Amino acid sequence: MEREHQNNTSLISPLIQNSSQLDGFIVDVVEQNKSSATGRTEVLEEVRKQLWLAGPLISTNVLNYCLELISVMFVGHLGELPLSGASMATSFATVTGFSLLIGMASALDTLCGQSYGAKHHGMLGIHMQRAMFILMIVSIPLSIIWLNTKSILIFLGQDPEISAEAGNYAQLMVPSLFAYGLIQCLNRFLQTQNIVFPMMFISGVTTLLHVLICWTMVFKSGLGNRGAAIANSISNWMNVLMLSLYVKFSPSCAKTWTGFSKEALHNIPSFLMLAVPSAIMVCLENWSFQMMVLLSGLLPNPKLETSVLSICLNTGSTVWMIPFGLSGAVSTRVSNELGAGHPKAARLAVCVVLVMAVIEGIIIATVFILIRNIWGYACSNEVEVVKYVAIMMPILAISIFMDGLQCVLSGAARGCGWQKIGAFVNLGSYYLIGIPSAIVLAFVLHIGGKGLWLGIICALIVQTFCLLFITIRTDWEKEAKKATDRIYNSITESIVS
């Protein structure tokens with residue numbers, strides 16, 4: 001009996017041991033499934049949050065971009081000279097004014113976004129007022145430049161007649177300059193709080209009214225192309241008024257806007273430490289694209305080259321509003337999460353937006369390649385131009401793909417407060433690699449306009465990989481601590497001042 005009992009025990013023991021191992025394995029599998037399910041939920045939630053932000057931001061950017069476009073389209077019906085003057089004035093205004101103000105206002109992506117994430121709501125209004133004050137001061141010397149547009153363009157060798165038209169147009173756009181800076185500050189103040197649908201609605205109303213105002217000022221008032229410039233100023237100030245009224249009276253901004261404060265006049269150097277590199281970061285990139293169009297005028301067939309590169313630039317700028325919207329979304333998500341002390345969530349936001357940018361870039365690039373033979377007809381009836389545009393479209397598709405990636409990475413950089421790093425990356429990418437490569441390809445190897453755009457692609461590749469390398473190597477715990485320190489220093493210095 002005892003031997004039989006021992007035999008039974010020896011048979012049962014392995015079963016018990018195997019059963020306990022199986023139980024442990026089942027528990028591990030369940031935990032892994034729970035973790036996997038939680039991870040999928042977090043990713044899907046992050047995708048939802050970013051799309052919720054990006055959709056209205058894309059619409060807002062496109063609508064604001066349309067203001068200048070609509071004005072130029074109305075002027076185009078007045079004749080070739082007024083159109084040339086308005087187009088040149090608009091490009092000059094973008095290079096010497098609008099891009100600088102966009103860049104400086106981008107400092108609020110970091111400051112307001114991180115403060116909102118940390119729930120220091122009162123600081124958002126202080127940061128916005130400080131930005132408004134500085135941008136208004138910066139607009140004064142910029143307006144002097146605009147008032148002398150005619151002389152500057154003639155000095156740069158442009159046609160005197162076109163320069164005179166552009167000068168008159170730019171002078172009447174000076175009020176737009178001050179309004180534009182305020183719009184950028186108000187938009188970022190709302191964006192960093194995830195209040196994006198009111199921005200889209202206000203931009204839509206402004207654009208619709210602008211069509212009516214432009215038609216009245218250009219055709220009914222007898223002002224001609226000057227009426228279009230005045231219409232720009234009226235529409236931009238209407239946008240400022242509606243945004244200001246929303247901020248003032250909306251319950252959504254009750255905690256973040258508590259009225260004007262003298263604190264906004266303090267701690268200006270800290271704001272400039274972010275605003276100046278941010279402006280440099282934006283301007284260096286914008287100017288390099290504009291420079292490609294200027295260099296195309298030095299090629300053997302300047303009219304063809306300039307026309308085609310202008311079409312490519314305008315096409316790329318319009319489509320670029322999509323990744324720019326994603327850039328704003330990830331900037332808000334990263335800054336909010338770092339301010340709240342959630343480094344893993346900030347990292348997830350960057351990973352999600354990169355995947356979204358890759359998908360969006362592939363779709364847009366594919367569409368560009370498919371329509372390459374017909375897109376030229378949308379802008380010109382010249383067979384030579386249409387054929388050249390068809391050749392350029394695959395090259396443009398590659399640049400759009402790379403530009404989308406660098407755009408969202410730049411957004412993540414703004415959310416972290418890496419504006420200074422971004423400025424150095426853009427300087428090296430465009431002015432040490434991109435433009436020299438473009439000059440060699442276009443003028444030494446005689447590839448023409450294709451060479452100029454290939455130079456831009458070289459810059460975009462370097463820029464993207466530099467920003468990607470920096471992002472991959474980021475210690476997100478450290479970035480969250482930096483955000484906390486930045487918020488604490490802002491509050492402390494405001495109190496001390």
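I looked up Ile-213 and found it in helix α8, residues 197–220; helices are DSSP runs of H or I, at least four residues, numbered from the N terminus. The model is a predicted one, in which local features need pLDDT of at least 70 and side-chain atom pairs count only at pLDDT 80 or more, while totals for chains, interfaces and linings use all residues. Residues are numbered from 1 along each chain as its sequence is written, and side-chain values use heavy atoms, with hydrogens and water left out.

Ile-213 has a relative accessible area of 15%, so I noted it as buried (buried is under 20% relative accessible area, exposed over 50%, partly exposed in between, with a 1.4 Å probe and protein chains only). Not counting residues up to four places away in sequence, Ile-213 touches Ala-231, Ile-234, Ser-235 and Met-238; contact means heavy atoms within 4.5 Å. I also checked Ile-213 against Cys-253, 40 residues apart along the chain: their C-alpha atoms are separated by 30 Å.

Ser-235 sits in helix α9, residues 225–249. Its relative accessibility is 1%, so Ser-235 counts as buried. With neighbours within four places in sequence left aside, Ser-235 is in contact with Leu-67, Thr-206, His-210 and Ile-213.

**Nonpolar cores**

I took a nonpolar core as a set of buried Ala, Val, Leu, Ile, Met, Phe, Trp, Tyr and Cys residues joined through side-chain atoms within 4.5 Å. The largest has 89 residues, and those touching the most other members are Trp-146, Tyr-169, Phe-189, Leu-190, Phe-271, Val-334 and Leu-338. Helix α7 (residues 174–191) provides the largest share of this core, ten residues. For Phe-189 I listed contacts with Leu-124, Gly-125, Met-128, Val-247, Cys-253, Thr-256 and Trp-257, again without residues up to four places away in sequence. Another core, of 35 residues, lies apart from it and includes Met-392, Met-393, Ile-457 and Ala-459.

I worked on a 1 Å grid over the protein atoms alone: a cavity is a set of points where a 1.4 Å probe fits but cannot get out, a pocket is an open set with protein on both sides within 12 Å along at least five of seven lines, and lining residues have an atom within 4 Å of a point. Points are joined across faces, edges and corners, and a volume is the space filled by probe spheres set on them.

The second largest pocket has a volume of about 350 Å³. Its lining has 19 residues, of which Leu-111, Ser-270, Met-273, Leu-274 and Arg-486 are the closest to its centre. Helix α17 gives the most to this lining, six residues. By class I noted six nonpolar, seven polar and six charged residues (Ala, Val, Leu, Ile, Met, Phe, Trp, Tyr, Cys and Pro count as nonpolar, Asp, Glu, Lys and Arg as charged, the others, Gly among them, as polar).

I found one cavity of 30 Å³ or more. The largest cavity holds about 30 Å³ of space and is lined by Val-319, Trp-320, Pro-323, Ile-400, Asp-403 and Gly-404. Helix α14 (residues 383–416) supplies the largest share of that lining, three residues.

**Cysteines**

I counted zero disulfides, a disulfide being a pair of cysteine sulfur atoms within 2.5 Å. The closest cysteine sulfur to that of Cys-458 is in Cys-466, 13 Å away, which is too far for a bond. Cys-458 is partly exposed, at 29% relative accessibility, whereas Cys-312 is buried, with a relative accessible area of 1%.

Terms used:
Helices (H or I, at least four residues) and strands (E, at least two) are DSSP runs, numbered from the N terminus.
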